[in-house]
Amino acid sequence: RSGASVGWSTSGRSDVIAGGQVTLDVDNWSGLYGPETTQFMDLNDGTVEVWVHHYDDYFTESQVGEHPATVDIFCYRCLDDHSEVKEGFVISVTQTTQSLPSGKNWWKVGEFAAPDQGTGVRVRWTTCT
């Protein structure tokens, strides 16, 4: 459903999005508990955007330049930015100062879209540039 989101404030940290289940497995606001993980299961109709939220401040150019966030994307079987079939690791996406509007507390990493028309692969990953 349009406008649905999953995050630390979502009841059960899970919701139905794009016909599948999206679940925030680990919410690590302090940085002490390893990487945060979110699962996207059985996406079949629509687009799921992946965003990083700066919990208590805004991203700045100096902060991103010194300590950029990196998101590792994995899938069971999907197409990547180059229309290549991937199974498992897809890509690591790292913030850059050029791709980040200063003074914002959200960074769009990319999106999964389902179905991917005419390829026989259920979803396609697209990195935000």
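This is a predicted model: local features need pLDDT of at least 70, side-chain atom pairs count only at pLDDT 80 or more; totals for chains, interfaces and linings use all residues.
Visitor: What makes S5 and S6 a pair of strands?

Guide: Pairing takes at least two bridges between the strands. Strand S5 (residues 70-79) and strand S6 (residues 85-94) are joined by eight, so they pair, and they run antiparallel. Threonine 70 stands opposite threonine 94 in S6, if you want a spot to look at. The hairpin has five residues between the strands, and serine 83 takes a positive phi near 60 degrees there.

Visitor: And how do you know that S5 also pairs with S8?

Guide: Two bridges join S5 to strand S8 (residues 123-127). The rule asks for at least two, so that counts as a pair. These strands run parallel, by the way, and cysteine 78 stands opposite valine 123 in S8.

Visitor: Why is the contact between arginine 122 and aspartate 42 called a salt bridge?

Guide: The cut-off is 4 Å between a side-chain nitrogen of Lys or Arg and a carboxyl oxygen of Asp or Glu. The closest N and O atoms of arginine 122 and aspartate 42 are 3.7 Å apart, so the pair qualifies.

Visitor: How many salt bridges does the structure hold?

Guide: Five. One of them joins glutamate 49 and lysine 108, at 3.3 Å from N to O. Glutamate 49 lies in strand S4 and lysine 108 in strand S7, so that pair ties together parts 59 residues apart in sequence. Glu49 and Lys108 also belong to a salt-bridge network with Glu111.

Visitor: What makes lysine 108 partly exposed rather than buried?

Guide: Buried means under 20% relative accessible area. Lysine 108 has 21%, so it counts as partly exposed. Glutamate 49 is partly exposed too, with 43%.

Visitor: Then why is glutamate 87 called exposed?

Guide: Exposed means over 50%, and glutamate 87 is at 57% relative accessibility, so it gets that label. Glutamate 87 forms a salt bridge with arginine 77, the closest N and O atoms being 3.3 Å apart. Arginine 77 is in strand S5 and glutamate 87 in strand S6, so the pair links parts 10 residues apart in sequence. At 35%, arginine 77 counts as partly exposed.

Visitor: How do you know that glutamine 95 is buried?

Guide: Its relative accessible area is 4%, and the label applies under 20%, so glutamine 95 is buried. Glutamine 95 is found in the loop between S6 and S7. Leaving out residues up to four places away in sequence, it touches Phe59, Val64, Pro68, Ala69, Leu100 and Trp107. For the chain as a whole, buried residues make up 28% of the 129 residues.

Visitor: What makes the approach of glutamine 95 to alanine 69 a polar contact?

Guide: A pair of N or O atoms has to be within 3.5 Å. The backbone nitrogen of alanine 69 lies 2.7 Å from a polar atom of the glutamine 95 side chain, so the distance passes.

Visitor: Where is tryptophan 106, and what is it in contact with?

Guide: Tryptophan 106 is in strand S7, and it is partly exposed, at 43% relative accessible area. Beyond its neighbours within four places in sequence, tryptophan 106 contacts Trp51, Val52, His53, Phe59 and Leu100. Tryptophan 51 is 55 residues away along the chain, yet the two C-alpha atoms are separated by 6.5 Å.

Conventions
Residues are numbered from 1 along each chain as its sequence is written. Side-chain values use heavy atoms; hydrogens and water are left out. Helices (H or I, at least four residues) and strands (E, at least two) are DSSP runs, numbered from the N terminus. Buried means under 20% relative accessible area, exposed over 50%, partly exposed in between (1.4 Å probe, protein chains only). A polar contact is a pair of N or O atoms within 3.5 Å; within protein, one must be able to donate a hydrogen and the other to accept it, and residues adjacent in sequence count only if both atoms are side-chain atoms. Contact means heavy atoms within 4.5 Å.
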